[in-house]
Amino acid sequence: MANSINFLLIVTTFVAIAPLCFCHSTNGGYLYPQFYDRTCPQALHIVKSIVAKAVAKEPRMAASLLRLHFHDCFVKGCDASILLDSGGGLTSEKNSIPNRNSVRGFDVIDEIKSALEKACPRTVSCADILAVVARDSTILAGGPSWVVPLGRRDSRDASLSGSNNNIPAPNNTFQTILTKFKLKGLNIVDLVALSGSHTIGNARCTSFRQRLYNQTGKGKPDSSLDRAYSAQLRTRCPQSGGDQNLFFLDFVSPTSFDNSYFKNLLSYKGLLSSDQVLVTKSEESLELVKRYAESEELFFDQFAKSMVKMGNISPLTGRRGEIRTNCRKMSSS
């Protein structure tokens, strides 16, 4: 009887503690929120304060920092390979089609890394910085919070081809986008929820010009785009020129993380083709869009879950990879 009671106490204690861990088994180690509690207890505060300063200075930065985490994880996993500059035989992912003249926020990451190196040298990885920054940026824009599992290490290489091929593109078909998500262990629910990050941020004219003038390949615009909205877009996105002109992904509340993105899709006012196909090319994704448009709470809950799931794509743990002292350069050979 005493042994049974002791066993019950052990099980009960484990169950009580387990939810605080959010552990994810990986090859060579685990990710868990308390990873830096002893080695760098001030890490999360340092990250939060610098991100808050950057977003206060430029609200658009929240979307840019969130996007960095996406574009990192979809290539070789969440390993900070996107931050590496070219040199020493390495070709940076920053030169890929999805990233060139597009991804930004590197200076903010550099400032965070510099502060962390002063506080806790060679301790906090650049990959973990990206994961925490994505969460903090979302919160600062008015979105949900989530507990970030930590313990990622940084890659010693990058993949230009992976960046060109694995990151979903604005003109990809729905099936192509879904396939890219599934190859990373993400499903259609994750696809729709994570697409909701387009409730903040901007896109360049060159990213959606085809929809305005030649979506069919026969000189006709995209019929799934609201005509009045299309006419408005054409005033600043001509058939030639203006490639870098910026447009809000969510024109209703461009700097607020909310569910208006999904409401826009139902009104056929999604800016990118990759947004609008969630409504026009899949009944399953359409139903999810409707649910998130109706309930911001439901969207926030799933977005948080999907971000944790995405942050666990092939992380380097244990002795794999390294801890860079400069996020733009490898620390060791």
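# Notebook: disulfides, salt bridges and selected residues

I began with cysteine 205 and cysteine 237, which form a disulfide with their sulfur atoms 2.0 Å apart; a disulfide here is a pair of cysteine sulfur atoms within 2.5 Å. I note that this is a predicted model, in which local features need pLDDT of at least 70, side-chain atom pairs count only at pLDDT 80 or more, and totals for chains, interfaces and linings use all residues. Residues are numbered from 1 along each chain as its sequence is written, and side-chain values use heavy atoms, with hydrogens and water left out.

**Entry 1. Disulfides**

I looked up the torsion of the link between cysteine 205 and cysteine 237: with 80 degrees about the S-S bond, this link is right-handed. Cysteine 205 lies in the loop between strand E3 (202-204) and helix H9 (209-213), and cysteine 237 in the loop between helix H10 (227-234) and E4, so the pair ties together parts that are 32 residues apart in sequence. Helices (H or I, at least four residues) and strands (E, at least two) are DSSP runs, numbered from the N terminus. I found cysteine 205 buried, and cysteine 237 likewise; buried means under 20% relative accessible area, exposed over 50%, and partly exposed in between, with a 1.4 Å probe and protein chains only.

By the distance rule I count 4 disulfides. One of them joins cysteine 40 to cysteine 120, S to S 2.0 Å. The link of cysteine 40 and cysteine 120 is right-handed, with 75 degrees about the S-S bond. Because cysteine 40 lies in the loop between strand E2 (29-31) and H2 and cysteine 120 in the loop between H4 and H5, the pair ties together parts that are 80 residues apart in sequence. Both cysteine 40 and cysteine 120 are buried.

I then turned to cysteine 73 and cysteine 78, which form a disulfide with sulfur atoms 2.0 Å apart. The torsion about the S-S bond of cysteine 73 and cysteine 78 is about 120 degrees, so the disulfide is right-handed. Cysteine 73 is buried at a relative accessible area of 0%, and cysteine 78 is buried, also with 0%.

**Entry 2. Salt bridges**

I applied the salt-bridge rule, a side-chain nitrogen of Lys or Arg within 4 Å of a carboxyl oxygen of Asp or Glu. The count by this rule comes to 17 salt bridges.

Glutamate 58 forms a salt bridge with arginine 104, with the closest N and O atoms 2.7 Å apart. This pair links distant parts of the chain, 46 residues apart: glutamate 58 is in the loop between helix H2 (43-57) and helix H3 (61-76), and arginine 104 in the loop between H3 and helix H4 (106-119). I recorded glutamate 58 as partly exposed, with a relative accessible area of 25%.

The side chains of lysine 76 and aspartate 79 meet in a salt bridge of 2.6 Å, N to O. Lysine 76 is partly exposed, its relative accessible area being 25%, whereas aspartate 79 is buried at 1%.

For aspartate 128 and arginine 152 I found a salt bridge whose closest N and O atoms are 2.7 Å apart. Aspartate 128 lies in helix H5 (residues 126-140) and arginine 152 in the loop between H5 and helix H6 (160-166), so the pair ties together parts that are 24 residues apart in sequence. Aspartate 128 and arginine 152 are both buried.

I also noted a network of salt bridges that links Asp85, Lys94, Asp107, Asp110 and Arg328.

**Entry 3. Aspartate 275**

Aspartate 275 is found in helix H12 (residues 273-280). Not counting residues up to four places away in sequence, aspartate 275 touches His198, Leu249, Tyr261, Leu265 and Gly270, where contact means heavy atoms within 4.5 Å.

**Entry 4. Serine 137**

Serine 137 lies in helix H5 and is buried, with a relative accessible area of 0%. Leaving aside neighbours within four places in sequence, I found serine 137 in contact with Val51, Ala62 and Leu65. Serine 137 and glycine 77 are 60 residues apart in sequence and 20 Å apart in space, C-alpha to C-alpha.
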